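Please work through the exercises below with the sequence and the model side by side, and try each task before reading its solution.

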Amino acid sequence: MKKHYHFIGIGGIGMSGIAQLFLKNGVKVSGSDLKESHSTNELKAKGAEIFIGHDAQNINGASLVIYSSAIKDNNPEIILAKKQGIPLIKRAEALAQLMSEKSVVAVSGSHGKTTTTSLISYLLIEAGLNPTVAVGGILRNIGTNAFFGNGKFFVAEADESDGSFLYYRPKYSIVTNIDREHLDYYTDFESELKAFRKFIDQTDKTGCVFYCKDDDNLNNLLKGYKHKKISFGLKENAEVYAKSIIFEGLSSEFDCFHKEKFVGKFSLSLGGRHNISNALSVIALGLELGLDLKFIKKALKDYKGSGRRAEIKYKDNDYLVIDDYAHHPTEIKATLSALKNLQKNRVITVFQPHRYSRTKLLLEEFKKAFDMADYLILTDIYAASEEPIEGVTGEILAELIKKNLNGKTVCFLPKNKIVEHILSIIKPGDLVATLGAGDITKLSDELAQKIKS
C-alpha cells in the first residue's frame, strides 16, 4: 500500500518543505492549515490534498501524522490520531527519516541558520553534487525551500527552538553562534547550552564540527571535544578567517585565509559582518569537502539570498523598502548595521515584536537594539499562538526604547496606521526597513505598492 502522511500546519515554511520532499519520494501527502497561502497552493499543484481549517476528518486514511511545534494538544486532528493509534511525530523526526541514508550537513545556531544553510545548498548544487535540501526560507536561486536531489548529501537547517535538532545525526555540523534565545522552551541559558553540546556530540566521529571562534559560548562548549573541529571567524585566531573586508551597499568583499595561508579573494552578494562570518563557515566546509575554489567563489558571488533576509521590496532613485526576519536584539543590531552601509539619509525602521515571552525575557536587550535606527515605529506584539502577558505590550516596549534613544523619534502605531504614517513622513533618500518574524512582511508589500503607485 502507498504510504499516506498527513501534515498538521502544512503551510509553515519548515513543514511545507518536508511535505514537498515526501511527495517527491512517492508518498501520498495531505495536510491542513488555518489559511490558504502560497505554500499550500504550491503543494496542491504538486499533488498534495490540502484542507483549510483543522478538522478531525482531515486525517482519514493517514498512516502517519506529522505536526509542527505550533500545534497544541487540543487540536482535533491530534486528538483523533491519538484515539485511533495513528503514529504522531514532530516535523524534525520526519526530516530525520528523509535523512537516514544520506551524508547530512546540519546548520544550527541562534542566528544565521537560514542564510548559511541556503549558501551551502547553493554551493553543493553549483558543484554538481545534486544534494537534497530543506531550508527554513525560500532559496531564491532555486525558487523553493526544498529540493530533492539524488546525490549523497542532505543539507538541513537544524532548528533548536524546541530541541528538535537533537533528532539529527549529521556527518557535518555547523554552529554559527549561541545566544539567549527560546528561553520559553529551555527555561534557562544553561539548558540551551547543554542542548547545543548534545547536538555537537551527535556529529559523526568521522565527520567534522565547524564553529564560530568569535563566539565565547561556543569556544567554552567545545573545550574537551576530542573529534575533528574547524573554527571560522572574523579574527585571526580562527583557522578560517577573513581580512581586508570591504562593504559596498548590500554586498562585500574579503580575503580568506586558512591557517595563515591565503585561500583567495571572495565577493559576497550580502552585506554585514555577520554574513561574512556565515560565508566563512561555507568556505570552511567547501575546503573540507575538497571542492574546487571556483565553485565556492561562484556560489558566494551569485547567491540571490533567501526570503525575508534583507529582501528588497521596492527600489528606485528616491526610495528603498527592505524587509527582514530580524526579531532578536542581536539580529536587529546586525541588520541595521548592514543597512547603514547603504548610506541613506534616514533608516526608518518598523519593528513588530515576536512573542510575548521573548519580549519579556529580552526586554533589556531590546532597549539597546535600535541605536542605528533614525526613526523607529513599533507595533503590537505578534503572538505566535502565545497568550498575552500582563505588562508586556508593544506600547510599553516603545516607551522603554524611547528613553534609550535620546533625540530620535520613537512611536507606537497599530499596524493598520503604519503605511499611512510612513507615506506622510518619507522623503527622497530614505530607506524603510520592516523587521520581525510575524506578518509584518505584508506591510512592506503594501508600502512598496503604495510608493510605486
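The model is predicted, and local features need pLDDT of at least 70, side-chain atom pairs count only at pLDDT 80 or more, while totals for chains, interfaces and linings use all residues. Residues are numbered from 1 along each chain as its sequence is written, and side-chain values use heavy atoms, with hydrogens and water left out.

**Exercise 1.** Determine which strands β4 is joined to, and what unit β4 makes with α3 and β5.

Solution. Begin with the elements, which are DSSP runs numbered from the N terminus (helices: H or I, at least four residues; strands: E, at least two). Two strands pair if DSSP finds at least two bridges between them. Strand β1 (residues 4-8) runs parallel to β4 (residues 64-67) and is joined to it by four bridges, with His-6 standing opposite Val-65. Next, three bridges join β4 to β5 (residues 88-90), again in parallel, and here Tyr-67 has Lys-90 as its bridge partner. Finally, β4, helix α3 (residues 76-84) and β5 make a right-handed β-α-β unit, where right-handed means that, with the strands pointing away from the viewer, the path from the first strand over the helix to the second runs clockwise.

**Exercise 2.** Find how the buried residues of α14 are arranged around its axis, and what they pack against.

Solution. Helix α14 (residues 394-404) has Gly-394, Leu-397, Ala-398 and Ile-401 as its buried residues, buried meaning under 20% relative accessible area, exposed over 50% and partly exposed in between (1.4 Å probe, protein chains only). Seen down the axis, these residues fall within an arc of 100 degrees, so they line one face of α14; the arc is taken over the directions from the helix axis to the C-beta atoms. An α-helix has 3.6 residues a turn, so residues three or four places apart point the same way. The elements against which the buried residues of α14 pack include β18 (346-351), β19 (375-378) and β20 (409-412), contact meaning heavy atoms within 4.5 Å.

**Exercise 3.** Locate the buried and exposed residues of α16.

Solution. The buried residues of α16 (residues 440-452) include Ile-440, Leu-443, Leu-447 and Ile-451.

**Exercise 4.** Is Ser-121 buried or exposed?

Solution. Ser-121 lies in helix α5 (residues 113-126), and it counts as buried because its relative accessibility is 0%. Leaving aside neighbours within four places in sequence, Ser-121 is in contact with Pro-131, Val-133, Val-135, Leu-139 and Val-155.

Key. Expected span 1.5 Å × (residues − 1).
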